[in-house]
Amino acid sequence: MTEQFLLTLIAASSGFVASVCFAYASAFTSKEKLVAVSKTYWDFNLVFAQAAVAQSTQYLVGSLLLFLTFALQIAAVLASSTNLLMLPQVFNYWVSIVIFSLVVFGGFAYLVCCFLYKWRIAQVEILLNESAK
């Protein structure tokens, strides 16, 4: 397997995970917008705020993965198309590389989304509680 082929497969897998994050995300990015959207006339809707923060976080992680994907695709274009890599036997099949890459990027996206969600929802809840007083 060549360097170029390996990097192309990894970039395609990363791009797929990024597109999944974008598919589930919305464009609400700032905590102020999330607070404004979560308010009702008298109070706020915490469930809606949680959903909006989750979508916003997925949007952020998807965009970070998309940047990584572009970098990997540039690396794939610049990599040698004749330089053979010595990979473990399990990675001699393209399907193994794609599945491994999807698991790695999917796991990374999940962990980052969980961390960012907890951090961002705490900030939004503070602002919502302050604005309800």
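Modeller: What follows starts with one pair of residues and then widens to their surroundings. The model is predicted, so local features need pLDDT of at least 70, side-chain atom pairs count only at pLDDT 80 or more, and totals for chains, interfaces and linings use all residues. Residues are numbered from 1 along each chain as its sequence is written, and side-chain values use heavy atoms, with hydrogens and water left out.

The pair is Ser14 and Thr69. Ser14 lies in helix α1, and Thr69 sits in helix α3, residues 46-78. Helices (H or I, at least four residues) and strands (E, at least two) are DSSP runs, numbered from the N terminus. The two side chains make a polar contact at 2.7 Å. That term means a pair of N or O atoms within 3.5 Å; within protein, one must be able to donate a hydrogen and the other to accept it, and residues adjacent in sequence count only if both atoms are side-chain atoms.

Are these residues buried or exposed? Thr69 is buried, because its relative accessible area is 3%. Ser14 is buried too, at 0%. The cut-offs are under 20% relative accessible area for buried, over 50% for exposed, and partly exposed in between (1.4 Å probe, protein chains only).

Now the neighbours, leaving aside those within four places in sequence. Thr69 is in contact with Ala11, Ser14 and Gly15. Ser14 is in contact with Leu65, Leu68, Thr69, Leu72 and Phe105. Contact means heavy atoms within 4.5 Å.

Not counting residues up to four places away in sequence, Phe105 touches Ile10, Ser13, Ser14, Val17, Leu65, Leu68 and Leu72. Phe105 also belongs to the largest nonpolar core, which has 15 residues. Along with Ile10, Val61 and Leu65, Phe105 touches the most other members. Helices α1 (3-23), α3 and α4 (94-132) each supply at least two residues of this core. A second, separate core has five residues, including Val53, Ile121, Val124 and Leu128. By definition, a nonpolar core is a set of buried Ala, Val, Leu, Ile, Met, Phe, Trp, Tyr and Cys residues joined through side-chain atoms within 4.5 Å.

Next, the surface. Phe5 is in helix α1 and counts as partly exposed, because its relative accessibility is 40%.

Val77 is found in helix α3. Val77 is exposed, at 62% relative accessible area.

Finally, the whole protein. There are four helices and zero strands, in the order α-α-α-α. Of the 133 residues, 30% count as buried. Among contacts between residues at least 6 apart in sequence, 91% join residues at least 24 apart. The accessible surface comes to about 8400 Å², and 71% of that belongs to carbon and sulfur atoms. Accessible areas come from the Shrake-Rupley method with a 1.4 Å probe; for residues, only the protein chains shown count as cover.
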